[in-house]
Amino acid sequence: MFKKIQKNPTLFFLLKALLLFILWYFVYELWLNPLGVVDRLVINNLIRSGEFIISALGFTLIPEPYLASNIRTLGIDGTHGLWIGDPCNGLTLFALFSGFVIAYPGPLKTKLWFIPLGILSIHLINLLRIIALVFITLYWPDYLELNHTYTFTILVYSFVFILWMIWANKLSIPKKSQENIIPRESN
């Protein structure tokens with residue numbers, strides 16, 4: 001049965017993707033999340049980067065309280081701020097993106113640079129999402145939940161989908177195969 005699945009590229013990809021997702025789920029739920037180190041590292045980076053950008057735009061941030069090392073809030077002075085939870089840090093999106101690229105056929109050398117670049121770009125999109133939500137808490141607080149739950153979720157997942165499409169349609173094809181696809185001009 002496994003050989004039958006292996007001969008069908010779509011089924012084989014889906015099986016590998018499913019196994020990688022299950023592996024990620026157990027590693028994250030049983031080890032990474034209880035440990036909290038990776039979540040905290042990503043959230044701290046989002047908060048510090050967000051503070052830098054918002055301050056550079058000329059806004060005053062919510063003052064940090066004494067013993068602020070466990071603070072997960074980013075906000076502009078005069079607002080209640082935005083609390084950044086573990087599900088908002090983008091780790092799951094990093095895993096979904098990486099799992100897709102690992103499971104999908106393609107050159108290993110290309111995967112080795114595309115996965116880190118994709119994770120970095122997803123992190124930057126997530127940072128922009130968080131900064132936008134901070135400004136929504138300032139100017140349109142009634143729309144925070146709508147934008148947090150729907151608007152930015154759709155935008156960020158669409159971005160990951162675009163990365164998948166770039167991988168599937170452009171980068172997963174070995175260069176020699178691409179040369180064979182491109183028609184040559186006749187003299």
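Visitor: Is R72 buried or exposed?

Guide: Check its relative accessible area. Buried means under 20%, exposed over 50%, and partly exposed in between, with a 1.4 Å probe and protein chains only. R72 has a relative accessible area of 17%, so R72 is buried. Two notes before we go on. This is a predicted model, in which local features need pLDDT of at least 70 and side-chain atom pairs count only at pLDDT 80 or more, while totals for chains, interfaces and linings use all residues. Residues are numbered from 1 along each chain as its sequence is written, and side-chain values use heavy atoms, with hydrogens and water left out.

Visitor: Which residue forms a salt bridge with R72?

Guide: Look for opposite partners. A salt bridge is a side-chain nitrogen of Lys or Arg within 4 Å of a carboxyl oxygen of Asp or Glu. R72 forms one with D86, and the closest N and O atoms are 2.9 Å apart. R72 sits in the loop between α3 and β1, and D86 in the loop between β2 and α4, so the pair ties together parts that are 14 residues apart in sequence.

Visitor: How many salt bridges does the structure hold?

Guide: Two. In the other, the side chains of E51 and R48 meet at 2.8 Å, N to O. Both residues belong to helix α3, three residues apart, which puts about one helical turn between them. Helices are DSSP runs of H or I with at least four residues, strands are E runs of at least two, and both are numbered from the N terminus. E51 counts as buried at 17% relative accessibility. R48 is partly exposed, with a relative accessible area of 43%.

Visitor: What does L61 touch?

Guide: Read contacts by distance: heavy atoms within 4.5 Å. L61 is found in the loop between α3 and β1 (73-74). Set aside its neighbours within four places in sequence. Then L61 is in contact with E51, I54, S55, L74, G75, I76 and D77.

Visitor: How many residues are in the largest nonpolar core?

Guide: First, the idea. A nonpolar core is a set of buried Ala, Val, Leu, Ile, Met, Phe, Trp, Tyr and Cys residues joined through side-chain atoms within 4.5 Å. Here the largest has 39 residues, and I54, L74, I84, F97, V101 and I122 have the most contacts inside it. Helices α2 (9-35), α3 (37-56), α4, α5 and α6 each supply at least two residues. The largest share, 10 residues, comes from α5. Take V101: beyond four places in sequence, V101 touches K111, F114, I115 and W167.

Visitor: Where does helix α6 bend?

Guide: Compare two axes. The bend at a residue is the angle between axes fitted to the seven residues ending there and the seven starting there. Helix α6 (residues 144-171) bends by about 35° at F152. F152 is also one of its buried residues, along with L144, N147, V156, V160, L163, W167 and A168. These buried residues pack against β2 (82-83), α4 (91-103) and α5 (108-139).

Visitor: What does V160 touch?

Guide: V160 is in helix α6. Its relative accessible area is 3%, so V160 is buried. Not counting residues up to four places away in sequence, V160 touches L93, F97 and I122.

Visitor: And which residues does S121 touch?

Guide: S121 is found in helix α5. At 19% relative accessible area, S121 is buried. S121 touches F159 and L163, again leaving out residues up to four places away. H123 also lies in helix α5. H123 counts as buried at 13%. Its contacts beyond four places are V42, N45, L46 and F94.

Visitor: Which residues make the nonpolar surface patch?

Guide: Patches are made of residues with over 30% relative accessible area and no salt bridge; like charges are joined within 9 Å, nonpolar side chains (Val, Leu, Ile, Met, Phe, Trp, Tyr) within 5 Å. Areas come from the Shrake-Rupley method with a 1.4 Å probe; for residues, only the protein chains shown count as cover. This patch covers about 1,200 Å², made by L18, L19, F21, I22, L23, Y25, F26, V27, L30, W31, L35 and V37. Helix α2 gives the most, with 11 residues. L35 is found in that helix, α2. L35 is exposed, with a relative accessible area of 52%.
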